[in-house]
Amino acid sequence: MFQRVTLIGHVGQEPQMRYTPDGTPVTNFSLATKETISKKLPNGGERPCPSGWKESYNGRNWEVTTWWRVTCWRGLAETVNTYLSKGKMVFVEGTVQGEASDGSINPRVWTGNDGTPRASFELTAQTIKFLGERGDGGGGGGAPVGEAPPERGGFDDEALPF
């Protein structure tokens, strides 16, 4: 079972590339996505804080961050490892992988260093686009960086915008 998802978020750590025993490159990185809702209600009142959410830095919104573990394969893995870095904003399209034995889509759950329960979802990327650096408004143009190549065949260097 899988679900296709589209995400925009910031890279949480430097991508890590390794190779499978047969020499296939694979790169992993974490991605933080944030959802924000206004604290103000249309009637002038204030919306209570949803469970697990926190107040935004400006105090006008509630926000929650969701962490995703992204895996890239083959040519896309090499490109991501070369050009992506912590803090950059990216568009990622791919499929969510379930951790449960029945194939259902469940997050990986663990306890953080501060004792707080945490969770992340696992995503296998098919498309990644660089959108910009943290703080620049994501104005990097959104040029495609690459798409996962077919099962057999190489990465098309002509598709790179630089």
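Q: How many helices and strands does the secondary structure of the protein come to?

A: Helices (H or I, at least four residues) and strands (E, at least two) are DSSP runs, numbered from the N terminus. In this predicted model, local features need pLDDT of at least 70 and side-chain atom pairs count only at pLDDT 80 or more, while totals for chains, interfaces and linings use all residues. Residues are numbered from 1 along each chain as its sequence is written, and side-chain values use heavy atoms, leaving out hydrogens and water. Here the protein has 1 helix and 9 strands.

Q: In what order do the elements run from the N terminus on?

A: The order is β-β-β-β-β-α-β-β-β-β.

Q: How should I read burial, and what share of the residues is buried?

A: A residue is buried under 20% relative accessible area, exposed over 50%, and partly exposed in between (1.4 Å probe, protein chains only). Buried residues make up 35% of the 162 residues in the protein.

Q: Which residues does Asn61 touch?

A: Contact means heavy atoms within 4.5 Å. Not counting residues up to four places away in sequence, Asn61 touches Thr36, Ile37, Ser38, Lys39, Lys54, Glu55 and Ser56. For the protein, 62% of contacts between residues at least 6 apart in sequence join residues at least 24 apart.

Q: What volume does the largest pocket have?

A: On a 1 Å grid over the protein atoms alone, a pocket is an open set of points, where a 1.4 Å probe fits, with protein on both sides within 12 Å along at least five of seven lines; lining residues have an atom within 4 Å of a point. Grid points are joined across faces, edges and corners, and the volume is the space filled by probe spheres set on the points. The largest pocket comes to about 260 Å³.

Q: Which residues line the largest pocket?

A: The lining includes Thr65, Trp67, Pro107, Arg118 and Phe121.

Q: How many disulfides does the structure hold?

A: A disulfide is a pair of cysteine sulfur atoms within 2.5 Å, and this structure holds 0. Cys72 is buried because its relative accessibility is 0%, whereas Cys49 is partly exposed at 37%.
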